[in-house]
Amino acid sequence: MTIDDVFASLERTSYGHLLHNDQLRRQELYELMAECPDPILSEMGRQLRDGLLTPRQLLDAPDYVEALQRGYETLGEVDLNEIAAEVDEFGLTSPAQSDSDPAAASPSEDPGSATRWH
């Protein structure tokens, strides 16, 4: 499985619209980071979300660099097949599909809360 396959799977979910909107995707990421149980990532997320720091400025703080490095190393261990299976398992629909078919709407709870990505 390639990263393109994962993106194609994501395209069919309620998060598909984020793939084509940089600003919205960044805001969503900053919110997720701000809600993260890791205090450093949470602090970084709040700073980014509130416009107090830019992503580039994160590299000026040693604690932030260390947290980003850990994340980068973890990313290297990601199994794209596992991610695609998780996407398929949730059976999420695009917002347009949800509006036209209430039975196809995604669950009310955050679908990612059960994964390691939060």
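Residues are numbered from 1 along each chain as its sequence is written. Because the model is predicted, local features need pLDDT of at least 70 and side-chain atom pairs count only at pLDDT 80 or more, while totals for chains, interfaces and linings use all residues; side-chain values use heavy atoms, leaving out hydrogens and water.

Let's start with two helices (DSSP runs of H or I, at least four residues). The axes of α3 (residues 39–49) and α4 come within 10 Å and cross at roughly 110°. That makes α3 roughly perpendicular to α4 (the word covers angles of 65 to 115 degrees).

Next come the salt bridges, where a side-chain nitrogen of Lys or Arg lies within 4 Å of a carboxyl oxygen of Asp or Glu. The whole structure has 6, including these:

| Pair | Closest N and O atoms |
|---|---|
| Arg25 and Asp22 | 2.3 Å |
| Asp38 and Arg70 | 4.0 Å |

Glu66 and Arg70, in contrast, are 4 residues apart in helix α4, about one helical turn. Arg70 is partly exposed at 37% relative accessibility, a label for values between buried (under 20%) and exposed (over 50%), using a 1.4 Å probe and protein chains only.

Definitions and conventions
Axes fitted to C-alpha atoms, helices over the stretch in contact; angles between N-to-C directions. Parallel < 35°, antiparallel > 145°, perpendicular 65-115°, else oblique.
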